[in-house]
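I opened this notebook to keep track of what I looked up in one protein model. The entries follow the order in which I checked things.

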Amino acid sequence: MAQHDIGAIEDFEIDRPTSAEAGETEIMVIRRGDTVLAMTHACPHYGLPLSGGHLDGDRLICPFHHACFDVSTGHQLEPPGKGDLRRYDVSVMDGRVIVEVPEGADPHPAPAHVRRGADARRVVIAGSGTAANACAFMLRDRGFEGEVEMISPDPALPYDRTLLSKAVLAGGDGPRPLTTVSQDALDARDIVLSEGRLASVDAEAGGITLAGGQTRDFDALLVATGGEAKRLDLPGADLPGVHTLRSRAEAEQIAEAAGGVRRAILVGGGFIGLEVALSLAKRDIEVHVVMREAVPLARIVGERIGRAIMAEHEEKGVVFHPEAGLSSLEGDGTLSGIRLRDGTTIDAELAILAVGVRPATAIEGLPTEENGAISVADDLSVPGLRGVWAAGDIALAPTPWGRVRIEHWRVAQQHGQRAARAILGERVASLGVPFFWTALARQYRYLGHAEGWDDIRFDGAPENGGDFTAYYIKDDRVMALMGAGRDAELAATHARMIREGGPLPA
Ligand SMILES: Cc1cc2nc3c(=O)[nH]c(=O)nc-3n(C[C@H](O)[C@H](O)[C@H](O)COP(=O)(O)OP(=O)(O)OC[C@H]3O[C@@H](n4cnc5c(N)ncnc54)[C@H](O)[C@@H]3O)c2cc1C
Ligand code: FES
């Protein structure tokens, strides 16, 4: 065990996370009065530095995608990412801070967990995506020794869906691994991953049937089937060369099809469409975005930010066709272009339909709303269906922001973890604060949730790449914040929203 003198204690500001070198290991140091905590500096999510995060009591919020940690133990409290922070032994001698770093120690130890034991109960999880995995892992982390089976039609090991529109399409290997959960990690927890598609649920009998007719009994069922990319009911929408993007296989098909393509059409001006547009533009493809709205994302983030994002895309060479209706996709055997309702034609060899997502809930025996969502109680149980929970993109859940269905990575993980605890009979205070990020021409982060607002107040200006925070105000409450270059402020406001249990006074 090597001991490292990392400096004088008075050089460390109280309660300010700071990075330090302990030999060859970069660590994070937090001085608490006369004592000092030392732990891993890299966030277990994407390995980014945690020292720019916000510390609120013992809770540290990562400034990038808002994973939360308890610095007194190193345990991860909230997603994304998996793994705790390794705590290192620290002593203060003659005013010097001495840290002991064991050689070869995993900087992100897996949380304590169990394997299958004598418990005869059986939890079945439909899906192997974000919410599904979070639930399966949390069941084992909380000591559940019954059977855990994830069943999904997607045969791939669980992967980071958020990278599909970013690194995967931009080409090259990308800096982060796409697969998020190894077979070893599943095996170490006796989590079974099977191929199959949930077709019907009989909650009374505690059983499900898969599309191929196979059946399973369950004591608890989590439905975490996510969304299906919508297709368009237009001539030519099924031509080769026309794609949608939801799964790893679809992303790999688009990435391959993009090789040698001169021009691509993105239909839809939402987050995924805009991310894909930039990724393809990075590959020197001329990208045209065809959208119904005048300004992309205006309904979600407001017109001013939408315009700023549009200008950033235009700088990268993306061409927009606002307020444009698509009339057909053209081609003889394979896509050769598109036609707009005003008669304009655009030649292109590749088109991606990014026109929204429908909850993947065409499953017999599940009550759905008109848009396919499943209404859940605040513990994510499905009212009226004994032993059935629903989580992630499909769940319409009560929150301090209203009854909302949110299609975001971190929220789906929060749901999965909460559902696991509810299945085990634990009471958990709340679903947590919603948060998402998007990687466009720069990183934008969004905290809270606003489906409408009376006013958007700006601190800073989003135009010309300026740092800014936008506050979405409804009924004198700050429902949400969006920012770029304001990571510390968003993390600090996140801590306030946790403390106050929801939106903040304006
Ligand atoms: C390209 C792309 C980029 C994104 N980027 C971001 C981002 O930058 N930031 C962000 O916050 N969010 C992003 N998201 C959204 C985020 O990925 C989703 O909100 C999140 O994955 C939802 O998790 P989920 O568990 O509900 O669904 P999913 O992760 O989609 O998992 C659903 C699972 O259910 C399976 N399934 C489907 N039907 C059935 C069935 N009948 N029976 C059994 N299994 C079934 C699927 O195969 C899959 O395994 C992105 C999404 C996409 C598609
Ligand atoms: S790098 Fe910390 S949450 Fe993503």
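**Entry 1: a proline pair.** I looked up Pro 80 and found it in the loop between strand E8 (76-78) and strand E9 (87-93). The model is a predicted one, and in it the peptide bond from Pro 79 to Pro 80 is cis, with omega near 10°. I noted this because most peptide bonds are trans.

**Entry 2: the annotated span.** I checked the record for this part of the chain. An unreviewed UniProt entry places the annotation "domain: Rieske" on residues 4-99. In the model I find that span to be 0% helix and 49% strand. Its end C-alpha atoms lie 5 Å apart.

Entry 3: I went on to Asp 284, in the loop between helix H5 (271-281) and strand E21 (286-290). Asp 284 is not a glycine, yet I read a positive phi of about 65° for it. I wrote it down because most residues other than glycine have a negative phi.

**Entry 4: how the protein is divided.** I listed four domains: domain 1 (2-101), domain 2 (122-227 + 370-423), domain 3 (242-356) and domain 4 (442-505). To their contact, domain 3 gives 10 residues and domain 4 gives 15 residues.

**Entry 5: the area between domains 3 and 4.** How much area do domain 3 and domain 4 bury between them? I noted about 920 Å², with 60% of it on carbon and sulfur atoms.

Entry 6: I counted 2 salt bridges between domain 3 and domain 4. In one salt bridge I looked up, Glu 312 pairs with Arg 442, and the closest N and O atoms are 2.8 Å apart. I also counted 4 residue pairs in polar contact between domain 3 and domain 4. On the side of domain 3 that touches domain 4, helix H6 (298-301) and helix H7 (303-315) are the elements that give two or more residues. H7 gives the most, with 5 residues. By class, I sorted that side of domain 3 into 6 nonpolar, 1 polar and 3 charged residues.

**Entry 7: salt bridges overall.** I searched the whole structure and found 31 salt bridges. I picked out the one between the side chains of Asp 190 and Arg 115, at 3.1 Å from N to O. This pair links distant parts of the chain, 75 residues apart. Asp 190 is in the loop between helix H3 (183-188) and strand E13 (191-195). Arg 115 is in the loop between strand E10 (96-101) and strand E11 (122-126).

Key: Residues are numbered from 1 along each chain as its sequence is written. Chains are lettered from A and ligands numbered from 1 in the order in which they are written. This is a predicted model: local features need pLDDT of at least 70, side-chain atom pairs count only at pLDDT 80 or more; totals for chains, interfaces and linings use all residues. Side-chain values use heavy atoms; hydrogens and water are left out. Domain bounds come from an automatic or database domain assignment. Contact means heavy atoms within 4.5 Å. Buried area is the accessible area (1.4 Å probe) that two parts lose on being put together, summed over both. A salt bridge is a side-chain nitrogen of Lys or Arg within 4 Å of a carboxyl oxygen of Asp or Glu. A polar contact is a pair of N or O atoms within 3.5 Å; within protein, one must be able to donate a hydrogen and the other to accept it, and residues adjacent in sequence count only if both atoms are side-chain atoms. Helices (H or I, at least four residues) and strands (E, at least two) are DSSP runs, numbered from the N terminus. Ala, Val, Leu, Ile, Met, Phe, Trp, Tyr, Cys and Pro count as nonpolar, Asp, Glu, Lys and Arg as charged, and the others, Gly among them, as polar. UniProt positions are given in the numbering used here, feature names are shortened, and annotations may be inferred rather than shown by experiment.
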